[in-house]
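Here's a quick briefing to read alongside the model. Have the viewer open as you go.

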Amino acid sequence: MTSKSEQDRVLIFDTTLRDGEQSPGATMTHDEKVEIASMLDDMGVDVIEAGFPIASQGDFEAVRDIAKQARNSVICGLSRANIGDIDRSWDAIRHAPQPRIHTFVGTSPLHRAIPNLNQDELANLIHETVTHARNLSDNVQWSPMDATRTELDYLCRVVEIAIKAGATTLNIPDTVGYTAPRESADLIRMLIEKVPGADEVVFSTHCHNDLGMATANSLAAVEAGARQIECTINGLGERAGNTALEEVVMALKVRNDIMPYRTDVDTTKIMAISRRVATVSGFSVQYNKAVVGKNAFAHESGIHQDGMLKNAETFEIMRPEDVGLTETNIVMGKHSGRAALRSKLKNFGFELADNQLNDMFVRFKALADRKKEIYDDDLLALMRDSETDAVHDRIQVKSLRVVCGTDGPQTAELVMLVDGEEKSCTATGDGPVDATFNAIKELFSHEARLQLYQVHAVTEGTDAQATVSVRMEEDGRIVTGQSADTDTVVASAKAYVNALNKLLVRRANSAPNDDVKTVSFRDSV
Ligand code: KIV
Ligand code: ZN
């Protein structure tokens, strides 16, 4: 018999690097994936779905390297219902201390029609593929894709087959975000009650947010007996995204009185990973997003502020520090010293060597000269910028002067160092950023295609720093460059050049098309 604390424990399965990355445009680089996986492992996530190894050489290598560095988390690789996929997945994850094979197939009438398999043929395929996975690993997860639109009797039948073939986790996906809380609970309860062997396995819920009910549906499934929630940081994912990790974890913590379940997630690490995922995916978090939005803990209205000053509990159900949000007030200014900077960065989790601190201090002072108030977010942007702005980069922006305004053409005069040689030019364009990018192209000719250009103000005010993300693609290689500056055009130039430098490294290290997904997750057989 399982103890009470085991019954109350809900496993957190993060799929930011697989289902989240599947979101068009959210592609992350190999190093970014490895970094995010390490942060997930650190924060106590139970299972990390690291990718879909058969999809491309790049996906395979990322999953393999995440598996090699795993500490406490189980590392999972996704595979369709075929032997080649499962073998490829196993090849990538077998390096992990705790590997898990995840295999899935579409079971609803709509999905069965794609490979044109009848119910019996699909049932045989499920038996064959789950058996194969179980022969490789004793930790096997199986998912009937589009479960919430599958006939109930057929769903029970295939879940039973998967359990008999050796699946240890049964994940029930609401692939198109169609279900609602009561139905989500009823489905899990029905499977647990009716399917022989259900008490020997873990039931899992995997919800999409098309109708804005992913968090509610996941929690309802837990109340009905599911003990694993699949989710992503910031709710990243295709269309309206997946269940947001931060929402389910905080809901279980804050409303433990009515949902007495626990997770092992260290919630104080939520903000840091949320910001990092937003940066590397290029998907910024909406201001009023639950738990991690910029406004989630901001109290603008006079009544609220008054109440907050008297007693924070009047309008706050969670403390900002519970999700890792430290004081949002002005943190530093022109007169702050090195020790204050070191201690502030330490709070964010950055332990800097003396030379790195010196470099950061110079950048901090330069920013403080241009911007009166330096907030936490400014320091984080500066820190990220210093990580991307390497002195050994082949291409560097030396100076930029832009003429813009109502009477065009807008003009950019740019000086860059290219492989140590100083080059300059003047280019025009449709706006200052276009003129600047044209100047960069003139000084360093390339065929890479701009896929995304995104600007965000780090804090409020007209002197706020802007963080710019630039994503480029060349022969299937996708890279994202970032930079921050109080001058948006300078940040744009530096972000573009940062992306180009990453591309040069990728050109040197990988064959073209490594990032092109050669198979689609939609054909699940
Ligand atoms: O949404 C879905 O059905 C999936 C499966 C692969 C689990 O992501
Ligand atoms: Zn999904």
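Metal donors here are N, O and S atoms within 2.8 Å of the metal (3.2 Å for Na, K and Ca), and since water is not among the atoms, sites may look incomplete. This is a predicted model, where local features need pLDDT of at least 70, side-chain atom pairs count only at pLDDT 80 or more, and totals for chains, interfaces and linings use all residues. Side-chain values use heavy atoms, with hydrogens and water left out.

**Zinc site**
- Asp19 (OD), His206 (NE2) and His208 (NE2) coordinate the zinc ion (ligand 2) at 2.0 to 2.2 Å.
- Along the sequence, those donor residues follow the spacing D-x186-H-x1-H.
- His206 and His208 are both buried (under 20% relative accessible area; exposed is over 50%, partly exposed in between, with a 1.4 Å probe and protein chains only).

**Helix 9**
- Helix 9 covers residues 181-194 (helices are DSSP runs of H or I, at least four residues; strands are runs of E, at least two; both are numbered from the N terminus).
- Its buried residues include Leu187, Ile188 and Leu191.
- The buried residues of helix 9 pack against helix 8, strand 6, strand 7 and helix 10 (contact means heavy atoms within 4.5 Å).

**Nonpolar cores**
- A nonpolar core is a set of buried Ala, Val, Leu, Ile, Met, Phe, Trp, Tyr and Cys residues joined through side-chain atoms within 4.5 Å.
- The largest one has 86 residues, with Ile75, Trp142, Val159, Leu170 and Leu191 making the most contacts inside it.
- Helix 8 gives the most to this core, eight residues.
- Apart from it lies another core of 28 residues, Val418 and Tyr496 among them.

Notes:
Residues numbered from 1 in each chain as written. Chains lettered and ligands numbered in written order. Expected span 1.5 Å × (residues − 1).
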